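The following paragraphs lead the reader through a protein chain, from its overall make-up to individual residues. Please keep the sequence and the structure in view while reading.

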Amino acid sequence: MLWGVAAALLANVLFSAGFVIEKRALSSLPPLSAARPGQVVAHLLRSPLWLLGAISLLLGFAAQLAVYRTLPLVAAQGLFVTGLVMLLLLSALFLGERSTGRERQAMVAIVAALVMIVFSLHESTEKISKLAPLPVLLAICLPSLALALGLFLSAERRSRRRHRLPTAGVPYGVAVGFLYGVSSLAIKGAAGLIDVADVPGTAIAMLTSPYPYILLFTGSTGLILSQTALQRCRASLIVPVCTTVNFLFAVVSGTIAFAEPLPGEPLRLALRLGGAALAVSVLLALPRHDEPAPDAAPEPGRESDTPPSPEPGTTGAETEPEASTGTGTGTGTGTSTADAPAPHHPEPRKGSGHHVHPLP
């Protein structure tokens, strides 16, 4: 139990540091698009700073293997949530991202949820399952992966709409959270196949199981989607949303797939379920849009989205400037050129902006 808690805290440090380093590296890269995955990978691999962040994340995933072998899935996910507090501090320190009051309250709620889950583990003798039936696992993972991709594409379409509010990244975080939730189930299953005393047998068991192939898909897809979202939105919001969705998905689906029972004692059960419910409230409380800058000036060379209002009495259609009419003395009579006979003179160049004066 103690080694599992220590491994979870180490994974939190590695994950938080990795996300912050990657976010710092993404700020100096060209705009990324999930529609061009090859270009995204090429940009990322050319950034030494991003590679350092990726190594930190990979070490965090390795630490997760030790956690899932020693702790129940619900408890392990609850401990991973503690990394959000560390991420919030690192984002403010190294990225200059200032969280809102609502987000700070959400972090307090996350800590409270963590305490409830840890207390539900005290002197617990719960069974730690290692494998999940393949039909049940696929019935959970495949629709979840489709939902994750659909949510991300929907968020991409909404981000291109005009007159939209600045997105805070919640839809992106939910989509990536489903991907990482499926990945958590695969890591849990892969951890159950590891036998340090039989390395060849472990390799054969891995290759004949669905876990490495699920990890390959979620890892490659999650790389493109998460880096695109992380570049566009604040890490201090994307990662908490992603972690919360990952936690809830892994708790619910993992309990079904791996048949890990919930605590039988009423107090432990209340703490475990209460902590999960509190984590749900955190996701619902997070703002869906960033506040627009109060004095944000329009970008140079960019026209306003709102067309100018037409003058009273006009139809708003594009018209040519009115030509003044004269009486031979050069004084205007106020008569429109549409009422007076048109003098014979060359047409002005369209768009020149000059009035046409009749020859004396």
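Helices (H or I, at least four residues) and strands (E, at least two) are DSSP runs, numbered from the N terminus. Gln 64, for instance, lies in helix α3. This is a predicted model, in which local features need pLDDT of at least 70 and side-chain atom pairs count only at pLDDT 80 or more, while totals for chains, interfaces and linings use all residues. Residues are numbered from 1 along each chain as its sequence is written, and side-chain values use heavy atoms, with hydrogens and water left out.

The chain contains 12 helices and zero strands. Its accessible surface comes to about 20100 Å², and 67% of this belongs to carbon and sulfur atoms; accessible areas come from the Shrake-Rupley method with a 1.4 Å probe, and for residues only the protein chains shown count as cover. A residue is called buried under 20% relative accessible area, exposed over 50%, and partly exposed in between (1.4 Å probe, protein chains only). Of the 360 residues in the chain, 42% are buried. Contact means heavy atoms within 4.5 Å. Among the contacts with a separation of 6 or more, 84% are accounted for by residues 24 or more positions apart.

The interior can be approached through its nonpolar core, a set of buried Ala, Val, Leu, Ile, Met, Phe, Trp, Tyr and Cys residues joined through side-chain atoms within 4.5 Å. The largest such core has 83 residues, and Leu 185, Tyr 211 and Phe 247 are those with the most contacts inside it. Helix α8 (residues 170-193) gives the most to this core, with 15 residues. Beyond its neighbours within four places in sequence, Phe 247 is in contact with Val 74, Gln 77, Gly 78, Val 81, Ile 117, Ala 276 and Ala 279.

An α-helix has 3.6 residues a turn, so residues three or four places apart point the same way.

Helix α3 comes next. At 1.5 Å a residue, its 23 residues should span 33 Å, and the end C-alpha atoms are 34 Å apart, which agrees; the expected span is 1.5 Å times one less than the number of residues. The buried residues of α3 include Trp 50, Leu 57, Gln 64 and Tyr 68. Their cover includes α1, α2, α4 (73-80), α8 and α10. Gln 64 is buried, with a relative accessible area of 5%. Leaving aside neighbours within four places in sequence, Gln 64 is in contact with Phe 15, Phe 80 and Ile 187.

Aromatic rings also link parts of the chain. Rings of Phe, Tyr and Trp (its six-membered ring) pair if their centres lie within 6.5 Å; planes under 30 degrees apart count as stacked, over 60 as edge-to-face and the rest as tilted. A search of the whole structure finds four aromatic pairs. In one of them, the rings of Tyr 68 and Phe 80 have centres 6.0 Å apart and planes at 80°, so the pair is edge-to-face. Tyr 68 lies in helix α3 and Phe 80 in helix α4, so the pair ties together parts that are 12 residues apart in sequence. Both Tyr 68 and Phe 80 are buried. The rings of Phe 178 and Phe 249 have their centres 5.8 Å apart and their planes at 70°, so this pair is edge-to-face as well. Here distant parts of the chain are linked, with Phe 178 in helix α8 and Phe 249 in helix α11 (residues 235-257), 71 residues apart.

Leu 73 lies in helix α4 and counts as buried at 1% relative accessibility. The C-alpha atoms of Leu 73 and Ala 250 are separated by 7.5 Å, although these residues are 177 residues apart along the chain.
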